[in-house]
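Hello,

Here is the structure I said I would pass on. My notes on it follow below.

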Amino acid sequence: QVQLVESGGGLVQPGGSLRLSCAASGSIFSIYAMGWYRQAPGKQRELVATITSGGRTNYEDSVKGRFTISRDNAKNTVYLQMNSLKPEDTAVYYCNADIRVGALGGSRDYWGKGTLVTISS
């Protein structure tokens, strides 16, 4: 059984910062790519940022230069540092990870339950 648990969401004023964390736990053999997605009210879930096991990152255009994704492989944790937040960043943020649970077999995607980020004055 694998679980992803996000934390760090909340209410912040425009221009503020938040740091999201997502810890993976359970019967984990390897974690490959990890990432953050978000879903705003009335919109589809969209990619925010991803990071490979080797540290290669990818960002959605609207967050480039403002958000930074990082990971601690020893802690099976991925982070999202969000700066210069805007009202349009308001969404539920979901953690995603490509995880292999055994020495044999392939990997699959796991999702957290999400953490709400609200940007409002």
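Asp61 counts as exposed because its relative accessibility is 59%, where exposed means over 50% relative accessible area, buried under 20%, and partly exposed in between (1.4 Å probe, protein chains only). Its side chain meets that of Lys64 in a salt bridge, at 3.0 Å from N to O. A salt bridge here is a side-chain nitrogen of Lys or Arg within 4 Å of a carboxyl oxygen of Asp or Glu.

Before the rest, a word on the source. This is a predicted model, in which local features need pLDDT of at least 70 and side-chain atom pairs count only at pLDDT 80 or more, while totals for chains, interfaces and linings use all residues. Residues are numbered from 1 along each chain as its sequence is written, and side-chain values use heavy atoms, with hydrogens and water left out.

Salt bridges

Side chains of opposite charge can pair when their charged atoms come close. How many salt bridges does a search of the whole structure find? The search finds four.

One of them joins Arg38 and Asp89, whose closest N and O atoms are 3.0 Å apart. Arg38 sits in strand β4 (residues 30–39) and Asp89 in the loop between β8 (77–82) and β9 (91–100), so this pair links distant parts of the chain, 51 residues apart. Both Arg38 and Asp89 are buried.

Asp89 also meets Arg66 in a salt bridge, with 2.8 Å from N to O. Arg66 lies in the loop between β6 (57–59) and β7 (67–72), so its pairing with Asp89 ties together parts that are 23 residues apart in sequence. Arg66 is buried as well. Through shared partners, salt bridges join Arg38, Glu46, Arg66 and Asp89 into one network.

The chain as a whole

The chain has 11 strands and zero helices. Both are DSSP runs numbered from the N terminus: helices are H or I with at least four residues, strands E with at least two. The radius of gyration is 14 Å, close to the 14 Å that the globule rule gives for 121 residues, so the chain is as compact as a globular protein of that length. That radius is taken over C-alpha atoms, and the rule is 2.2 Å times the number of residues to the power 0.38. Along the principal axes, the C-alpha atoms fill a box of roughly 50 × 25 × 25 Å. Of the 121 residues, 37% count as buried.

Regards
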